[in-house]
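Open the model in your viewer and get ready to click through a few stops. At each one, you will hear what to select and what is there.

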Amino acid sequence: NDAKATFSAGSGGKALTFDYTVAATDANVADLAVKSVGLNGATIRDGAGNDLATLPTGGINPTGILVIDTIAPTVTITSDKSSLKSGETAKITFTFSEDPLTSFTATDVTVVGGTLTGLTTTGKTRTATFTPTANTDSMAASITVAAGSYFDAAGNAGLAGVTPALTVDTKAPNAPVIAATSYAFPGALTGTAEALASVSVFQGTTELGKATADASGAWSYTF
């Protein structure tokens, strides 16, 4: 990126030290390259007083010594299910742009509406099992990772992971209520139930049909 390192130590010795602080906006490269050395008015000479005749140019640093990495790693959280009822679980996958190594653990995950178990601990892809909280009425569960809770191999802090869409309903519905005790035939049987619930209508042990409650819980079956 054509930035300049500053001489910091080595006067009178055989090794010269230059310092450079990598900025977040610097280009990411697999190996730092020193393109040239400028004396800026100074001199390099040996013990006999002979000046260095020619300054080195490109390729003066050994290859593969220093990687520049200023990119913050990311994580994407997904679920193999969008809704869960009683007795069900979901497989949660954490996909990282770079391997977080041992910096990512279960304590880095914030869970609402259930528990997370069996988190795998290696590679760029980690998985775990989400089990919803029992006897929970319809709610949106949440599985998130906070920014700065994990790191890549270079030490860059990771960005936040956003929860996947996941609805939990593990509470058994209340029994439907019939509005009246007697009805004329033909007519309509009406009542209330949990919103959007499916209501089965029986005469004795024979099922006559089904009705679906609306968003307010009202249902009607015509017979």
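Start by selecting Glu207, which is partly exposed at 37% relative accessibility. This is a predicted model. Lys210 itself is exposed, with a relative accessible area of 51%.

How many salt bridges does the structure hold? There are 3, so let's visit the others.

Select Arg126 and Asp99 next, a salt bridge whose closest N and O atoms lie 3.1 Å apart. This pair links distant parts of the chain, 27 residues apart: Arg126 belongs to strand β8 (residues 125–132), while Asp99 is in the loop between β5 (90–96) and β6 (109–112). Is Arg126 buried or exposed? Arg126 counts as buried, at 0% relative accessibility, whereas Asp99 is partly exposed at 26%.

Then pick Glu88 and Lys85, where the closest N and O atoms of the salt bridge are 2.9 Å apart. Glu88 is partly exposed at 24% relative accessibility, and Lys85 is exposed at 51%.

Now colour the strands β4, β11 and β9, which form an open sheet in that order with mixed pairing. β4 (83–85) and β9 (139–140) are at the edges with a single partner strand each, so one side of each has no neighbour in the sheet. Zoom in on β9 and β11 (residues 167–169), paired in the antiparallel sense over 2 bridges. Here Met139 stands opposite Val168.

Finish at Phe7, Leu16 and Phe18, which make a nonpolar surface patch of about 280 Å². Phe18 sits in strand β2 (residues 17–19) and is partly exposed, with a relative accessible area of 40%.

Key. Residues are numbered from 1 along each chain as its sequence is written. This is a predicted model: local features need pLDDT of at least 70, side-chain atom pairs count only at pLDDT 80 or more; totals for chains, interfaces and linings use all residues. Side-chain values use heavy atoms; hydrogens and water are left out. Two strands pair if DSSP finds at least two bridges between them. Helices (H or I, at least four residues) and strands (E, at least two) are DSSP runs, numbered from the N terminus. Patches are made of residues with over 30% relative accessible area and no salt bridge: like charges are joined within 9 Å, nonpolar side chains (Val, Leu, Ile, Met, Phe, Trp, Tyr) within 5 Å. Accessible areas come from the Shrake-Rupley method with a 1.4 Å probe; for residues, only the protein chains shown count as cover. A salt bridge is a side-chain nitrogen of Lys or Arg within 4 Å of a carboxyl oxygen of Asp or Glu. Buried means under 20% relative accessible area, exposed over 50%, partly exposed in between (1.4 Å probe, protein chains only).
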